[in-house]
Amino acid sequence: MRAPPQAAPKFLNLLQIRFPIGAIASIGHRVSGVLLAFTLPLLALTLDRSLSSEVEFDAVRNLVSAPWRALFLALIVWAAAHHLMAGVRHLLMDLGIGSRLSQARTSAWAVIVAAAIVALACAARWLS
């Protein structure tokens with residue numbers, strides 16, 4: 001005799017789901033990768049422009065000196081830092097290093113906090 005089918009949930013509130021810290025670090029890794037993929041061409045063009053002459057370098061420096069632009073750059077720095085650190089974390093866990101639950105939680109927190117510190121330090125440097 002078969003069990004009766006269970007009814008599917010009718011409403012799923014994503015804001016009420018409590019993700020573990022490892023999931024947050026993993027989602028951040030994916031988000032930062034997408035952000036880097038979209039901004040990399042813009043960053044390459046900006047670098048090319050800044051290296052073409054001293055006048056262009058000053059123009060790029062003035063362009064990124066506005067506070068909201070510095071925060072945008074800090075977001076890109078966060079993406080690069082988080083993606084790099086979370087990628088190393090994933091590679092180490094694939095090798096069996098730090099794959100115990102307590103170690104995985106600690107390394108997830110370390111990635112999130114370290115990437116935020118790097119981004120904030122860069123933003124403070126640009127805004128000063």
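These legends accompany close-up views of helix packing in a predicted model.

**View A. Helix α1 against helix α4.** Here we look at where α1 (residues 21-52) packs on α4 (residues 101-127), with an angle of about 45 degrees and axes 8 Å apart. The two helices are therefore oblique to each other, since the roughly parallel class is kept for angles under 35 degrees. The crossing of α1 past α4 is left-handed. On the α1 side you will find Ile21, Gly22, Ile24 and Ala25, and these meet Arg105, Ala108, Trp109 and Ile112 of α4. By type, the residues of this contact are 6 nonpolar, 1 polar and 1 charged.

**View B. Helix α1 against helix α2.** This view moves to α2 (residues 54-63), which packs with α1 at an angle of about 135 degrees, their axes 6 Å apart. Roughly antiparallel would need an angle over 145 degrees, so α1 and α2 are oblique to each other. Thr46, Arg49, Ser50 and Ser52 come from α1, while α2 brings Glu56, Phe57, Ala59, Val60 and Leu63 to the contact.

**View C. Helix α3 and its buried residues.** With 28 residues, α3 (residues 67-94) reaches 40 Å from its first C-alpha to its last, close to the 40 Å expected at 1.5 Å a residue. Its buried residues include Leu73, Ile76 and Val77, along with His82 and Arg89. What do the buried residues of α3 pack against? Their partners are α1 and α4, the pair shown in View A. After α3 comes Gly96, with a positive phi near 90 degrees.

Notes: Residues are numbered from 1 along each chain as its sequence is written. This is a predicted model: local features need pLDDT of at least 70, side-chain atom pairs count only at pLDDT 80 or more; totals for chains, interfaces and linings use all residues. Side-chain values use heavy atoms; hydrogens and water are left out. Axes are lines fitted to C-alpha atoms, for helices over the stretch in contact, and angles run from 0 to 180 degrees between N-to-C directions. Helices (H or I, at least four residues) and strands (E, at least two) are DSSP runs, numbered from the N terminus. Angles under 35 degrees count as roughly parallel, over 145 as roughly antiparallel, 65 to 115 as roughly perpendicular and the rest as oblique. A crossing is left-handed if the near helix is turned anticlockwise from the far one by less than a right angle, and right-handed if clockwise. Contact means heavy atoms within 4.5 Å. Ala, Val, Leu, Ile, Met, Phe, Trp, Tyr, Cys and Pro count as nonpolar, Asp, Glu, Lys and Arg as charged, and the others, Gly among them, as polar. The expected span of a helix is 1.5 Å times one less than its number of residues. Buried means under 20% relative accessible area, exposed over 50%, partly exposed in between (1.4 Å probe, protein chains only).
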